[in-house]
Number of protein chains: 2
Amino acid sequence: MSKNRQIVLVKKPEGVPTPDNFELRQAPLPEMPAGGVLCRARFLSLDPYMRSQIAGRHPSGTVAPGEVMLGETVSEVVRSDAPELPAGRLVRCMGGWQGYSAHAAGEVQLLDEEITPPCHPSLALSILGMTGLTAWAGMVWQAEVREGDCVLIPAVTGAVGSAAAQFCTLHGARVIGIAGSPEKCRFATESLGVAACIDRRSEDIGARLGELCPAGIDVYFDLIGGSLLQTACSHLANHSRIVLCGLMAEYNRPERDPGPPPGLLIAKRAVVSGLVVYDYEPRRQEYLGRCLPLLGDGKIRQREDISQGLESAPEAFCRLMRGENFGKAVVAL
Amino acid sequence: MSKNRQIVLVKKPEGVPTPDNFELRQAPLPEMPAGGVLCRARFLSLDPYMRSQIAGRHPSGTVAPGEVMLGETVSEVVRSDAPELPAGRLVRCMGGWQGYSAHAAGEVQLLDEEITPPCHPSLALSILGMTGLTAWAGMVWQAEVREGDCVLIPAVTGAVGSAAAQFCTLHGARVIGIAGSPEKCRFATESLGVAACIDRRSEDIGARLGELCPAGIDVYFDLIGGSLLQTACSHLANHSRIVLCGLMAEYNRPERDPGPPPGLLIAKRAVVSGLVVYDYEPRRQEYLGRCLPLLGDGKIRQREDISQGLESAPEAFCRLMRGENFGKAVVAL
């Protein structure tokens, strides 16, 4: 363990990133701060917001050329000056795209023992982590989804979308999904409880929404922005709720798309709210208390798209940004 | 009282309406329905939404060429088949732009005696009527304005804006107004409790907002849409609330403007909600219970822009649509 392997950004991509925007390099092991820990990454989370960090417009941080990519990891404590974080324990931390990371004790969260067995520890990066919390906060806390709601969820087999779809179904809602292939659509209807799933690459979304949601959409979980947000807003029911959470349509582009016409929102008495998951950090335990039994009872599931080895991260991230992942993108190290 | 004078729309305006889009005509007195009332208009309310009715895109109704303009009136019952609506009493009804209107008993609301003395009965069309209810619903019920909020209110000397500004000030908020002349700005700061007022015809609104709201806008009451909505959204505070209520910027145009970029709303965790005042009809008495004492105690005021005679309505409406009214536009008949 004398060297640290890292993936650095070498060049800001224009448009969809390609693997040659990144480079694997060797660096010395990081210095452990006094009272802190040295961690070895076991799983690295890949998420669309990272594209936004590269573009320099994400509140969580910026990655400039020459810098190691940021990212959340499930890591193992390998050296510790912090009695509450003994070597050998798994933690959740912002380890980044690298083999080893060093942290002050307050910067890492010990994984509850209950999260490891029976669950795979990588789930702390998805359904038991940020993407699950995002889905719950958006649908249950912000949109207050309820029995009988018609809910539209794009990227429905993705990390946030698949969790959201299952939570909405469990709350008695009828979920319409959108996904990028017939295989994903089939998974959504067969395994996520989605009532119907629109293939965005081959179907006319507006026309299908008219057929599938004749009384309008009560809740739209916007993970996309762009023209899909406009289309969804043309099919709203009165008193509908739109949770703005992701911008997949514009992460790869420098421009920012406008939102739906205000006249449309007035006519439908719609409520649109922005969601930043960091705001819900204080409620993470409350969320886990709701989610763990559901997962334990097999009432919800998490599909993962796991690639092997740190060197696979650039291509896996590029696949994610092309919408080609199928489930939560994770790198096993 | 043998003839009914009416203002009819003769031609759909393109852009800002002009008086020759309207015509005064004589018609027979309307037939009183069995069990109903015949009313003589005393005051007619002029409101920007009427432009939208002419354009055929308002939920409350459409006015086509050849038809009498719609509008709310304070009218006097002159003949009655309804014991609860005796002749001589004042009512609020959708009398339209005409001298006489006939209604089923359920279509007119008796004005509380308390509204007449000490108040001028025309106030039932503004602060004690729809525009006041709109302002209260938007700021108090939807935005939940509170002590210390920085609130931006455009058209701040208009009917809805002036009520909203006063309600917000009474709730401990700091109100920044926008108005269309130095005289209106002075009125806003001297008589409506507005902390500062931006002259939209001579000042750079974005630059002024940066100076006046360095910590951002907590509440924006959008009566305008268009570019002002975009500008306001570039100056939001975290967890801000935007109430979408009017579209003055696009009433005179066929196009619909887009809304603010969703990325902006996400970053600020903003909540945007559409307001249709008809939804608050069941809470009108509750509102009056709050407003009447404030009005009686002189804590709020209502400036009116009253024109005389039915024949003055077209030009008064055109002035309103050019933003040249100063206070609630009302026609005294």
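Is Glu147(A) buried or exposed? Glu147(A) is exposed, with a relative accessible area of 68%; exposed means over 50%, buried under 20% and partly exposed in between, with a 1.4 Å probe and protein chains only. This is a predicted model, in which local features need pLDDT of at least 70, side-chain atom pairs count only at pLDDT 80 or more, and totals for chains, interfaces and linings use all residues. Residues are numbered from 1 along each chain as its sequence is written, chains are lettered from A and ligands numbered from 1 in the order in which they are written, and side-chain values use heavy atoms, leaving out hydrogens and water.

**Two chains**

- The same surface serves both copies, as 100% of the contact residues of chain A recur in chain B; contact means heavy atoms within 4.5 Å.

**Around Glu147(A)**

- Glu147(A) sits in the loop between α2 (130-142) and β8 of chain A; helices (H or I, at least four residues) and strands (E, at least two) are DSSP runs, numbered from the N terminus.
- Leaving aside neighbours within four places in sequence, Glu147(A) is in contact with His171(A) and Gly172(A).
- Thr169(A) is 22 residues from Glu147(A) in sequence and 8.7 Å away in space, C-alpha to C-alpha.

**Ala155 in both chains**

- Most residues other than glycine have a negative phi.
- Ala155(A) has a positive phi of about 45° although it is not a glycine.
- Ala155(A) lies in the loop between β8 (150-153) and α3 (159-170) of chain A, and is partly exposed at 36% relative accessibility.
- Ala155(B) also has a positive phi, of about 45°.
- Its place is the loop between β8 (150-153) and α3 (159-170) of chain B, and Ala155(B) is partly exposed at 35% relative accessibility.

**Helices α2(A) and α9(A)**

- The axes of α2(A) and α9 (residues 284-296) of chain A come within 10 Å and cross at roughly 95°; axes are lines fitted to C-alpha atoms, for helices over the stretch in contact, with angles from 0 to 180 degrees between N-to-C directions.
- That makes α2(A) roughly perpendicular to α9(A) (65 to 115 degrees).
- In α2(A), the residues in contact are Met130(A), Gly132(A), Leu133(A), Trp136(A) and Trp141(A).
- They meet Arg284(A), Glu286(A), Tyr287(A), Arg290(A) and Leu294(A) in α9(A).
- By class, this contact has 6 nonpolar, 1 polar and 3 charged residues; Ala, Val, Leu, Ile, Met, Phe, Trp, Tyr, Cys and Pro count as nonpolar, Asp, Glu, Lys and Arg as charged, and the others, Gly among them, as polar.

Conventions:
Angles under 35 degrees count as roughly parallel, over 145 as roughly antiparallel, 65 to 115 as roughly perpendicular and the rest as oblique.
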